Amino acid sequence: MKVKFLILGAGPAGLTFASFLKKRGISDFLVLEKEAEAGGLCRSVMFDGGPVDFGGGHILDVRRKHVLDFIFSYLPESEWNLFHRNTKIRIGKYEVGYPLESNIWQFPEELQIEYLESIARAGSVQGTPMPEAFSEWIYWKLGDKIAETYMLPYNKKIFSCDLDDLGTYWLYKLPNVSFREVLTSCLRHEPFGTLPGHADFYYPKKAGYGEVFLRIADDLKDKVIYRTPVCSLDWNTLTVNGEFQGEYLINTIPWREFAASLPDEIAAEVAELRYTSVDIDYFAKKDNTDSHWTYFADPELSYHRILHRENFALGTRGFWTETNSSRAVAPGDYHYRNEYAYPLNTIRKPEQIAGILKWASSHNIIGLGRWGEWEHMNSDVAMEKGMMLAEKMSAL
């Protein structure tokens, strides 16, 4: 079967790319999907009267209107609830709002003083040179108190690796911590400063987040072929499994899935790309909190996050935990393991993925989305990238 665009993976990026080709009157494409249904990391299952999201917690940010317009064309806005984000951090016996630096005022006064003194000593506040090692960077950016009670233990839990194997190039996402803003917050007893991402978000009223991707895939009909993993790839002819051939190959799945079919030097670079696996465990228990989700820094707890389902999937009960698979313990009432959850931002990753993508592009193979670009991006960003690539490629 020969098509112009052969798309690997029916996740947010691949489906959006395919949908935008169709909207432009292009039908010469095909999507190959390993699983039995579409959605990738954003798939959901209905269990105990409500949704459980396979990828942990997936919500729809409000900031990209063009993405919202696209999604609402499949799952109308009337079928979503809109929430103002309420998330918490558990540190020892205390639970405070997120982000921590804006909510230090919720600690007892003695602890507030310790955090304030620590922030005042932080290298970023004092103007000292920025270090290159991840752990040192966290101390420099946030001060020793936030580093030791939250950021370092939490990152060790979620990534389960030597943190100094990670680069610091991706930490621009962390807001600047201003001693003045933190002090103002403590004096006023209210959050002050930069709001977190997803300050407002949507979640479906009667389904999980995966519902929107099922609807997109349903609209594409027989253009999506399920239960079709990539077993082999001839990169000279862009032939997959000896059955499907594309003029262009749009890859949204992990490169490691077909590394054995790549040239030795490229396969070696792919083999060094690292990632984490995550276990999702649902528990049918009453959850006494008003938080949408809570972060846990305590290393004695296996999980790093709890999604309080009843507070965003309204009319349900229970919660699910998100745990790095290397830390997994006894499963819950419902259990799912994501082999590929988060790409790791290791020190050499930028140059490695740049080399892989450069080689791939020279052979009409385009990396797209979280795994095609090996970047931790939210679904709305992956969809936006799918839109942009479809606009570019539809002109060819």
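## Helix packing, rings and buried spots

Helix α1 (residues 12-23) packs against helix α12 (residues 379-393) at an angle of about 35°, and their axes are 8 Å apart. The crossing of this pair, α1 and α12, is right-handed. Keep in mind that this is a predicted model. On the α1 side, the contact is made by Pro12, Ala13, Thr16, Phe17, Phe20 and Leu21. Across from them, α12 brings in Ser379, Ala382, Met383, Gly386, Met387, Leu389, Ala390 and Met393. Sorted by class, the contact of α1 with α12 has eleven nonpolar residues, three polar ones and no charged ones.

Two residues from that contact turn up again around Phe5. Phe5 is part of strand β1 (residues 2-8), and it counts as buried because its relative accessibility is 1%, with the cut-off for buried at under 20%. Setting aside neighbours within four places in sequence, Phe5 is in contact with Phe17, Leu21, Ile26, Asp28, Phe29, Leu30, Tyr248 and Met393. As for Phe258, it is 253 residues away from Phe5 along the chain, and the C-alpha atoms of the two are separated by 18 Å.

Next comes helix α2 (residues 65-72), where Val67, Leu68, Phe70, Ile71 and Phe72 are buried. What lies over these buried α2 residues? The cover includes both α1 and α12, along with β5 (60-61), β6 (80-84), β9 (200-204) and α8 (211-220).

Now for the aromatics. The count comes to 33 aromatic pairs. One of them joins Phe70 and Tyr74, and this pair is edge-to-face because the ring planes sit at 80°, over the 60 degrees needed, with the centres 5.5 Å apart. Both partners are tucked away: Phe70 counts as buried at 4% relative accessibility, and Tyr74 counts as buried at 13%. Another pair is Trp137 with Trp140, whose ring centres are 6.0 Å apart and whose planes are at 50°, so this one is tilted. These two tryptophans are three residues apart in helix α5 (residues 134-142), so about one helical turn separates them. Are they buried or exposed? Trp137 is buried, and Trp140 is too.

| Lysine | Ring | Distance to ring centre |
|---|---|---|
| Lys145 | Tyr115 | 5.7 Å |
| Lys223 | Phe29 | 5.4 Å |

Phe29 from the table is also among the contacts of Phe5.

Ring pairs also link Phe47, Phe54, Tyr282, Tyr334 and Tyr336 into a cluster. One of these, Phe54, is touched by Asn338. Asn338 itself sits in strand β18 (residues 334-343). Is this asparagine buried or exposed? At 6% relative accessibility, Asn338 counts as buried. Not counting residues up to four places away in sequence, Asn338 also touches Leu41, Gly55, Ser277, Val278 and Ile280.

One more helix to look at is α7 (residues 179-188). Its buried residues are Val182, Thr184, Ser185 and Cys186. Part of the cover over the buried residues of α7 comes from α3 (109-121).

Definitions and conventions: Residues are numbered from 1 along each chain as its sequence is written. This is a predicted model: local features need pLDDT of at least 70, side-chain atom pairs count only at pLDDT 80 or more; totals for chains, interfaces and linings use all residues. Side-chain values use heavy atoms; hydrogens and water are left out. Axes are lines fitted to C-alpha atoms, for helices over the stretch in contact, and angles run from 0 to 180 degrees between N-to-C directions. Helices (H or I, at least four residues) and strands (E, at least two) are DSSP runs, numbered from the N terminus. A crossing is left-handed if the near helix is turned anticlockwise from the far one by less than a right angle, and right-handed if clockwise. Contact means heavy atoms within 4.5 Å. Ala, Val, Leu, Ile, Met, Phe, Trp, Tyr, Cys and Pro count as nonpolar, Asp, Glu, Lys and Arg as charged, and the others, Gly among them, as polar. Rings of Phe, Tyr and Trp (its six-membered ring) pair if their centres lie within 6.5 Å; planes under 30 degrees apart count as stacked, over 60 as edge-to-face and the rest as tilted. Buried means under 20% relative accessible area, exposed over 50%, partly exposed in between (1.4 Å probe, protein chains only). A charge sits over a ring if NZ of Lys or CZ of Arg is within 6 Å of the ring centre and within 35 degrees of the ring normal.
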